[in-house]
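Here are my notes after a look through the model you sent.

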Amino acid sequence: MTQILAVYSESGGVTKTTSAVSLAMAGARDGRKVLLIDLDPRGAATKWVGVDPVEPGLHVGAILGNDDPEGWAAQLAVPSGENWSDNLTMIPSNREVANREKAADDHADTRLKASLRGIDADLVVLDCPNRQGGLITQNALTAADTVVYAAKPNEDGLDGVDGAVLTVRRFKAHRQALGARVELQEAGIIVGAAVRGSVWTRDALRAIAELRQAHPGLVLEPFVPDRVTVLESRSAGTFYGDYEGGKGTFEAYRQLARKVLR
């Protein structure tokens, strides 16, 4: 069965997109058919992978704005192109996607899930927006069977995980109260851009300790090393794992993928 993994934080700049793209690439290079969906209106993953919609306007917002999008995900997915993987396809985002938060239609939170029915993929990775429980996030959580939280070892990382965990648990409680089946499982917290070399700052060590105390059993290891190569490759539209300076970072994500992916 297809695994649908949401990568989530309610803070920006905490390696959410890096984690989503890295887990998608780890799955693709391990032989899985992977679909990466950019649900963030800022389109950070879309810009990084460098894809365009199949036609103007046919980005992920077309799914979220249609009352009958069953099977659309397969139609809107585009190849990731050179420098990535033949096993990776993507549905891009656009700034217009933010307008979907205002939708008040009945069952608008189930559209992404409907679009994925029958998808020919082993793994779907959702790069969620960094916001509290709005309609886009509700679509992600309704579609997903697994959620992983992304954090840097700092205050923004702590706040983002705290908010995301609260949103996920409220979502699950609400679904259970309605008598709906809840399949969403918390796979853990990925700590990205954690350390350069062997030097840990006191703030980073404190943040790790606070994450462990607040969310026992959820902090995953290894911690992902911080490398300038990752930022440089994002600017260049290439994958950092192909460069010597990024191999340590990608190896950490591959180890994490073995814990997070089925």
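**Notes on the model**

1. Let's start with a histidine. His-215 touches Val-161, Asp-162, Val-165 and Ile-189, leaving aside residues up to four places away in sequence. Do keep in mind that this is a predicted model.

2. Where does His-215 sit? You'll find His-215 in the loop between H8 and helix H9, the latter covering 228–236. Buried or exposed, then? With a relative accessible area of 8%, His-215 falls under the 20% cut-off, so it counts as buried.

3. Two of the residues touched by His-215, Val-161 and Asp-162, turn up again where H7 meets H8. Helix H7 spans residues 155–177 and helix H8 residues 202–214, and their axes lie 10 Å apart at an angle of about 15°. Angles under 35 degrees count as roughly parallel, and therefore H7 and H8 get that label. The crossing of H7 past H8 is right-handed.

4. Which residues make that helix contact? From H7 come Glu-155, Leu-158, Val-161 and Asp-162, while H8 supplies Arg-206, Ala-207, Glu-210, Leu-211 and Ala-214. Sorted by class, the H7 contact with H8 has five nonpolar and four charged residues, with no polar ones.

5. Strand E2 (residues 34–38) and strand E4 (residues 88–91) run parallel and are joined by four bridges. Opposite Val-34 you'll see Leu-88 of E4.

6. How does E3 run against E4, parallel or antiparallel? Strand E3 (residues 78–79) is antiparallel to E4, with two bridges joining them. Val-78 faces Met-90 of E4 across the pairing, and Pro-79 stands opposite Thr-89 in E4.

Definitions and conventions: Residues numbered from 1 in each chain as written. Predicted model: local features only at pLDDT ≥ 70, side-chain atom pairs only at ≥ 80, totals over all residues. Heavy atoms only, no water. Axes fitted to C-alpha atoms, helices over the stretch in contact; angles between N-to-C directions. Parallel < 35°, antiparallel > 145°, perpendicular 65-115°, else oblique. Left-handed = near helix turned anticlockwise from the far one by under 90°. Contact = heavy atoms within 4.5 Å. Nonpolar A, V, L, I, M, F, W, Y, C, P; charged D, E, K, R; others polar. Buried < 20%, exposed > 50% of the residue type's maximum accessible area, 1.4 Å probe, protein only. Pairing = 2+ DSSP bridges.
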